[in-house]
Each structure stands twice: as C-alpha cells, then as structure tokens.
Amino acid sequence: MSAEPVPHRSPSAAAVTVATACALGLLGPAAPPAGAAEPWADGSVETVGKIIWEIGGGRLGVCSGAVVDAPNGSVVATAAHCVLPPEGPKPPEEAWFVPDYDHDLERYRQEGWRVSAVHTPEDWDVSRGVHAILPHDYAFLTVATRGGETLQEAQGANRLAYEPVPEGGEVAVLGYPAVDPYDGESLHYCSGLTDVLAEGEAEEPNVGGLLLEDCDMTAGSSGGPWLTDYDAGAESGTLLAVMSVGSGQGHVVGRPFPEEARALLAEAGGG
C-alpha cells in the first residue's frame, strides 16, 4: 500500500505545508476503513506541542513533538524528516516549538520556544534516499531558554525509553494532524497496543517500527509522541517512539529510539 505525500493549505491566515516522509509499506491484506483520531479530551497537553517553521513565500511548515527529560531542560523529540526532510539539504533557518498548542497559529513566535540546534542521527543521511534512512527517523531539538526559564521548568517533560519496546503495552499516539479532515489546530490522538513490526510484516525500512492500526492521523502529526504510562496530573508519560509514516489507509508507524539515541540526546541535552 502506498500514498503520496500531499501539500495542504490551512484555512488559517498563513499558508501551511505539512512535512511528510515516504509512504508506509506493509505486507498482507488491506486495512479496514480507518478510525478517526479523537480530539484530546483536555484540549492540549503541557509537554506536547507543535513545531512551526517558515519555508518562504508566506508559508509555514508544521510537525508535532514532545518535551523530553534532559540535563539542560531544553530538548524536544520529533521525527528527523520534520527538520531535515529527504528533499531538503538543511534544517529550517528558524523554527519554534509551541507546547500546549491549541488554536493560536498567529502567535507561534510569542508563545513558542526558539529552536537553537537540530540533532539528527548520523545515519539520517538524506543523500542516500528515504528507504535507506527511514529506520533512523527520529531527532532531538535544543530550544533556547525564555525569560531565564527552561522549557522543562515551564512545561514538564516526558521520560525517554529505548529499544526494545515491549509488545502488547497500552500506547497513546498524539499529534496535530493537518490534512483533511483535520486542520492542525487541535491535538488529536489514537490508542492501542504496542506491536513491533517484524520481518515479513512490513517492507524492510519499517521493520522494527511500532504499528498502530485503525488510526487516520494525517501529515502534521509527524514527530508526535507515542506515550505510555501517561500521568494526567503531570501531563507527561514515557515516550516510546515518534510518529514516522502512515499508509493513508489506517496504518501508522512510530519510530522507537535505539541505544545509539542516548548519545544524540546527551548531545542535545548538554549532559
């Protein structure tokens, strides 16, 4: 199954283009009709937000991300294809992470935390082609402090988990889908059990990813967190993976963090 990435223009005042990676390839029968992602009951989450950057011509790029615990208190996890897309040679010159985002696109500069550095895995080498690099579709962003306060001090943070991911655990997938029927302005989620893709279940680039079926999250949710052990009081949980790709027919795949991601997080987190 495949679906081509499609650009989308938001009804908001600014034109929006969503970041997409390649389509998801799965083996076996076609998926049933996808279930709609539900609006998050509390509207938004303190440790989850929207990544926004300017791409020229009055247009904005959008993705999703989540704060993760780090020594400098200033790290956001997202998908590598959001900040270093296969079709682009370099990260955006200016980008912002807006935590707790809910219907306020025009204030992303005022409400957002400026991205000061982008950290992608060494194997996310966009010159190699997306199928070769898709297993490394995760990234960390370092953001600047604001008013002497770190992002983590202001919003809290999620714990980061590394592979192997246990099978059959409850997981909630959060993000800001921005392609019809969604507009990217509110937080949505799907939930289910962790299912690690094995050889024979998916095309090679997606082996090792986390599969969630019956979920129609669209582009714009890329980089969004796959959370377990969510604590409603702290508005955080354990981050198992970030949204990577989707089939357009009800399958989405999250990319877990391998052991080598520890060094990348240390680089982003200053510790």
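# Strand pairing and charged contacts

W53 stands opposite G61 in β4, within a predicted model where eight bridges join the antiparallel strands β3 and β4. The structure also holds seven salt bridges, and several of the charged residues described below either take part in such contacts or gather in a patch of negative charge on the surface.

- Strands β3 and β4 form a hairpin with two residues between them, and G57, which lies in the turn, has a positive phi of about 65°.
- Strand β4, which spans residues 59-68, is mostly covered, since nine of its ten residues are buried.
- On to the next pairing, β4 and strand β5 (residues 75-78) run in the antiparallel sense and are joined over three bridges, with V75 in β5 as the bridge partner of V68.
- The hairpin of β4 and β5 has six residues between the strands, and here G73 takes a positive phi near 65°.

- E54 counts as partly exposed because its relative accessibility is 34%, and R109 counts as partly exposed because its relative accessibility is 44%.
- E54 and R109 are linked with E94 and R114 in a network of salt bridges.

**A salt bridge between R262 and E259**

- The side chains of R262 and E259 meet in a salt bridge, with a distance of 2.8 Å from N to O.
- R262 has a relative accessible area of 43% and is therefore partly exposed, while E259, at 43% relative accessibility, likewise counts as partly exposed.

**A patch of negative charge**

- On the surface, E122, D123, D125, E163 and E260 gather in a patch of negative charge.
- One of these residues, D125, is found in the loop between β7 (113-119) and α3 (130-133), and D125 counts as partly exposed because its relative accessibility is 31%.

Key: Residues are numbered from 1 along each chain as its sequence is written. This is a predicted model: local features need pLDDT of at least 70, side-chain atom pairs count only at pLDDT 80 or more; totals for chains, interfaces and linings use all residues. Side-chain values use heavy atoms; hydrogens and water are left out. A salt bridge is a side-chain nitrogen of Lys or Arg within 4 Å of a carboxyl oxygen of Asp or Glu. Buried means under 20% relative accessible area, exposed over 50%, partly exposed in between (1.4 Å probe, protein chains only). Patches are made of residues with over 30% relative accessible area and no salt bridge: like charges are joined within 9 Å, nonpolar side chains (Val, Leu, Ile, Met, Phe, Trp, Tyr) within 5 Å. Accessible areas come from the Shrake-Rupley method with a 1.4 Å probe; for residues, only the protein chains shown count as cover. Lys and Arg count as positive and Asp and Glu as negative; His and the chain ends are not counted. The place of a charge is taken as NZ of Lys, CZ of Arg, CG of Asp or CD of Glu. Helices (H or I, at least four residues) and strands (E, at least two) are DSSP runs, numbered from the N terminus. Two strands pair if DSSP finds at least two bridges between them.
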